[in-house]
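Work through the exercises below with the structure in view, and try each task before you read its solution.

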Amino acid sequence: MSNTNEMQEQWTEMVEEMNDAVADSLEQNMKAQAAFVESWAEAVEDSVPEEEAMAEGIQGYNRAYEVWMDAAEQMFERSTDAAQGDDVAPSEYRDIWLQSANEAFKEVMSTSAFAAANGQLVERMMEMRREADDVSQETISQLGFPTRDDMDEVGERLVELERRQHDVEQQLDRLEEVDEKLDRVLDHLEG
């Protein structure tokens with residue numbers, strides 16, 4: 001009888017562990033979905049896309065949500081299989097979530113609303129970079145150091161000086177040729 005009780009306790013313990021694992025997985029799924037939705041909302045927060053783009057964005061989110069729900073269903077099925085004695089590797093759970101995350105992100109990122117939001121984000125980042133660059137150039141100037149504009153001007157002047165030096169060298173070469181011809185003419189006349 002002790003053997004039967006021991007087996008029942010082991011079975012109960014295994015089922016409890018599986019239930020805990022499923023509950024943890026579902027909780028992680030909900031957290032991942034919430035983070036995903038929050039991330040997506042932040043990406044489009046300041047932009048109000050056209051109605052068509054917005055509708056497409058919502059459809060993309062809906063498709064992503066379906067992917068997450070399919071993953072949750074697969075997790076439940078695999079957990080049930082494990083509870084029934086099937087050998088289910090923990091890596092299967094990880095693979096289900098990784099694959100579904102990739103598919104869900106693909107669904108959202110392929111929408112024109114996401115592309116528009118990304119474009120606006122990049123534009124804002126470039127604008128912030130320009131502003132930061134202006135501030136740093138102004139600070140450098142106030143500290144008495146040469147700014148990028150100063151260095152660009154020096155570079156342009158150097159290029160112009162090199163061009164002029166090349167012209168002068170060519171004129172000197174021509175003058176030397178003329179001088180040599182003149183010396184030959186004078187030698188010929190004296191000779």
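**Exercise 1.** In which helix does L189 lie, and does L189 count as buried or exposed?

Solution. The model is predicted, with local features needing pLDDT of at least 70 and side-chain atom pairs pLDDT 80 or more, while totals for chains, interfaces and linings use all residues. Residues are numbered from 1 along each chain as its sequence is written, and side-chain values use heavy atoms, without hydrogens and water. L189 lies in helix 5, residues 148–190, where helices are DSSP runs of H or I with at least four residues, numbered from the N terminus. Buried means under 20% relative accessible area and exposed over 50%, with partly exposed in between, using a 1.4 Å probe and protein chains only. L189 has 66% relative accessibility and therefore counts as exposed.

**Exercise 2.** Find which residues touch the most other members of the largest nonpolar core.

Solution. A nonpolar core is a set of buried Ala, Val, Leu, Ile, Met, Phe, Trp, Tyr and Cys residues joined through side-chain atoms within 4.5 Å. The largest one has 16 residues, of which W68, M75, A82, Y93, W97 and A104 touch the most other members. Helix 2 (51–83) and helix 3 (90–109) are the elements that give two or more residues to this core, and helix 2 gives the most, with seven residues.

**Exercise 3.** Decide whether D149 counts as buried or exposed.

Solution. D149 lies in helix 5, and its 58% relative accessibility is why D149 counts as exposed.
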